[in-house]
Amino acid sequence: MTKDRRRRGKPRTPPRPRPRGRVPQGESRVGERMTVDVEGVAHGGHCVARHEGQVLFVRHALPGEQVVVEVTSGTTGSTFLRADAVEVLRASPERREPPCPYAGPGQCGGCDWQHTSVEFSRELKARVVREQLQRLARLDVPVEVEPVPGDQDGLRWRTRVELAVGGAGRAGMRKHRSHDVMPVDDCLIAVQEIADSGVLQRSWPAGTSGVDVARSSTGELAVVPLPVSGDVPTLTELVTIDGREACLEVSARGFWQVHPGAAETFADTVLEALDLREGEHVLDLYCGVGLFAEAVAEVVGESGRVLGVEGDRTGAAEGVHNLRHRPNAAIEEGDVLARLSDDTIARTLGGRVDAVVLDPPRTGAGREVMQQVLGQDPRVVVYVACDPAALARDVAYAAESGYGLVGLRAFDAFPMTHHVECVAILEPDAAG
């Protein structure tokens, strides 16, 4: 599912402003160097180490290594420090030379695991998913992160790229946890058509803050300078779902799976997990432009019903357009929790919900949404998650309503990064 622009269906809570006059406690430790033994992998694309009792989250390291780190964030009063591994004293057998010249300490912040193989990075992601489910949901679940077809050994997969433009007018990538822009001549995780488009080589006019570039499955290429002036192009995406081809239109700046094999993989996986019967009523929450609703509407047939809910106005409008040929499907624009609480389900589905698809933003659905969803008594909920911590929290909330995790698949839809997509199956009377 970057770093991606995730669903806009659930409004984000604005960051709480820091009180005036509040300053970080203690003296800055940025720039300090120390030798540490690297422990396990942690959620977020780094590993854990300790120095004199203080926890460090270290990028560009691997479990079991001994490295020299340089602190990049934190003070003497911080509960933890952030750091980069700037010298490897004892290397892991899984370490390799990054294929990208811009990957490494102090450089591009887009990738997390270029210094290992794509196979081992999947093992690291699996460890993170297992750990989050153990820690937050008290579940011990075996996890294997599966590859998604369409990349080149973890490279050349990203079909939508958000570039920043620096002061010299060159487009590039931001450094990790920084507003600084690093001009690059190529991005190895971008599909070749984007790399060859010239957006990274040209000089952008003053006032351009960024450039969005998207390539569709039909070969269309859209370049959108930011801030946007005028209409944003719409691209056509063709997806083979359950052996048939579906056509969806998506804004060049809207949400769409960026890995070329992800949409098909997730749609087929969701359908298999739902195990739908003809005539069933299905709720599709955070439905975007209607990928899952389109897949479901075909299976439940004319006697079935599908209701999608999407909070982003553009996404909802595109979803309505994409499902215009489906009289058994409807998409409502609005906040998911509000739509669960009003008469939308009764009005559209007759108050009957047999199955639910949940594809929330990175922050997850949350306790209130999970309670409202499970209060509809569906026989199955299929949860598509782009953040393992959010998934684990929501699985724990589901257990409070008597629903348990009965199946889980994980996919490497974002190779070279720490992001991982999971499809979880929740059923009643399975909790505990």
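**Reading the model step by step**

Tutor: Buried means under 20% relative accessible area, exposed means over 50%, and partly exposed lies in between (1.4 Å probe, protein chains only). Before going on, note that this is a predicted model, where local features need pLDDT of at least 70 and side-chain atom pairs count only at pLDDT 80 or more, while totals for chains, interfaces and linings use all residues. Residues are numbered from 1 along each chain as its sequence is written, and side-chain values use heavy atoms, with hydrogens and water left out.

Student: Where does Arg-326 lie, and which residues is Arg-326 in contact with?

Tutor: Helices (H or I, at least four residues) and strands (E, at least two) are DSSP runs, numbered from the N terminus. Arg-326 lies in the loop between helix H5 (313-322) and strand E16 (329-333). Contact means heavy atoms within 4.5 Å. Leaving aside neighbours within four places in sequence, Arg-326 is in contact with Arg-244, Glu-294, Ala-297 and Glu-298.

Student: Is His-418 buried or exposed, and what does His-418 touch?

Tutor: His-418 counts as buried, at 18% relative accessibility. This histidine is found in the loop between strands E19 (403-412) and E20 (421-428). Not counting residues up to four places away in sequence, His-418 touches His-43, Gly-44, Gly-45, Asp-112, Trp-113 and Lys-125.

Student: How should I read two packed helices?

Tutor: Two packed helices are described by the angle between their axes and the distance between the axes. Axes are lines fitted to C-alpha atoms, for helices over the stretch in contact, and angles run from 0 to 180 degrees between N-to-C directions. Here, the axes of helix H1 (residues 118-137) and helix H9 (residues 388-400) come within 8 Å and cross at roughly 35°. The contact is made by residues including Val-128, Leu-133 and Leu-136 of H1 and Pro-388, Arg-393 and Val-395 of H9.

Student: And what of the whole chain?

Tutor: The protein chain has nine helices and 20 strands. Its radius of gyration is 22 Å, close to the 22 Å that the globule rule gives for 432 residues, so the chain is as compact as a globular protein of that length. That radius is taken over C-alpha atoms, and the rule is 2.2 Å times the number of residues to the power 0.38. Of the 432 residues, 54% count as buried.
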